[in-house]
Amino acid sequence: MPPVPTRLRVRESFDRAAASYDDAAIVQRQVCELLLASFNPSTTPDWILDAGCGTGYGIGLLQGRWPAARILAVDFAPAMLAAARRSADLCVAADIEALPCRDASYSTWWSNLTVQWCDPEAVCGEAHRVLRRGGELALSTLGPATFAELREAFSSIDQHRHTLSFSEPEAIAAALRRSGFDDIRLHRQTVSQHYPDLASLLRAVKDIGANSVGDGARSGMLGRRAWQRVQAAYEKYRTSDGLPSRYDVILAYARK
Ligand SMILES: C[S@@+](CC[C@H](N)C(=O)[O-])C[C@H]1O[C@@H](n2cnc3c(N)ncnc32)[C@H](O)[C@@H]1O
């Protein structure tokens, strides 16, 4: 499994980003919609746990599709949870690797673009524990081709880590299988977002709170020369839409 960045730093980055998140989270909303579009549970959800709810975009979508369902919003960043409180039925500040929830209490476990920050084995184990028999899981996460252009551009100046290390789809499927899930289905698709320049691309990542990358990150600022070299290296990917940022999206569905 790739290393997971220090929990506290991840939580602080997301907490700081709560105010800027909604304006920057274009890809996150797009992936949330993709996750819901391919989610067809065999029974109508009545209690949904949104694991890593952020400011609550997914909660609105889930309520739109299943208006009678009740939703528990879980996030470990208090400022994110404060925003989600506007739409959720219940909110809990907690780590999704150790949910303060009773066994077998939810019909549906849902998570959009959060599992890449976690240990997939721990998250899937907890999802399985809190779901009722026959309950269904829907999650989206990111695969190893995510931010490939960014890693390539930075490799021209240093060997530091500039992105998270993302799990292969097979590792997600294996974590689900080992946790006891059945009927596991995975879809993989590339989503790209374009930016006018590299500075806006990096600002968008920071505005979402996704800028903690774990051990091996560069600690100091880049010098002017190094920054120019990274920009020049990224320019070779420019299209008529701007500089692309690639997201290798994995959608996973399973049943307990
Ligand atoms: C990229 S945001 C996605 C938010 C939301 N699901 C959406 O679609 O907009 C990831 C969220 O997961 C939360 N998060 C990350 N790791 C977590 C963990 N181990 N336990 C609880 N929340 C976590 C972060 O605080 C952040 O709000």
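**Exercise 1.** Are H5 and H7 oblique or roughly parallel to each other?

*Solution.* Before we start, note that this is a predicted model, in which local features need pLDDT of at least 70, side-chain atom pairs count only at pLDDT 80 or more, and totals for chains, interfaces and linings use all residues. Residues are numbered from 1 along each chain as its sequence is written.

Step 1: take the elements, where helices (H or I, at least four residues) and strands (E, at least two) are DSSP runs numbered from the N terminus. H5 covers residues 120-130, and H7 covers 169-179.

Step 2: the two axes cross at roughly 40° and come within 8 Å. Axes here are lines fitted to C-alpha atoms, for helices over the stretch in contact, with angles from 0 to 180 degrees between N-to-C directions.

Step 3: angles under 35 degrees count as roughly parallel, over 145 as roughly antiparallel, 65 to 115 as roughly perpendicular and the rest as oblique. H5 and H7 are therefore oblique.

**Exercise 2.** Find which residues of H5 meet H7, and what else H5 packs against.

*Solution.* Step 1: contact means C-beta atoms, placed from the backbone, within 7 Å. On the H5 side, Pro120, Glu121, Cys124, Gly125 and His128 take part, meeting Ala171, Ile172, Ala175, Leu176, Arg178 and Ser179 of H7.

Step 2: a residue is buried with 20 or more other C-beta atoms within 10 Å of its own, exposed with 12 or fewer, and partly exposed in between. Buried residues of H5 include Pro120, Cys124 and His128. Besides H7, the buried residues of H5 pack against strands S1 (47-51), S4 (106-112) and S5 (131-142).

**Exercise 3.** Work out how H2 and H3 are oriented, and which residues join them.

*Solution.* Step 1: the axes of H2 and H3 lie 10 Å apart, at an angle of about 30°. That makes H2 roughly parallel to H3.

Step 2: from H2, Arg29, Cys32, Glu33 and Leu36 meet Tyr57, Gly58, Leu61 and Arg65 of H3.

**Exercise 4.** Is isoleucine 59 buried or exposed, and what does isoleucine 59 touch?

*Solution.* Step 1: isoleucine 59 sits in helix H3, residues 57-65.

Step 2: isoleucine 59 is buried because 24 C-beta neighbours lie inside 10 Å.

Step 3: apart from neighbours within four places in sequence, isoleucine 59 contacts Asp50, Cys53, Ile71, Ala73, Ala84, Ser87 and Ala88.

Step 4: 9.6 Å separates the C-alpha atoms of isoleucine 59 and aspartate 89, which are 30 residues apart along the chain.

Definitions and conventions:
Two residues are in contact if their C-beta atoms, placed from the backbone, lie within 7 Å.
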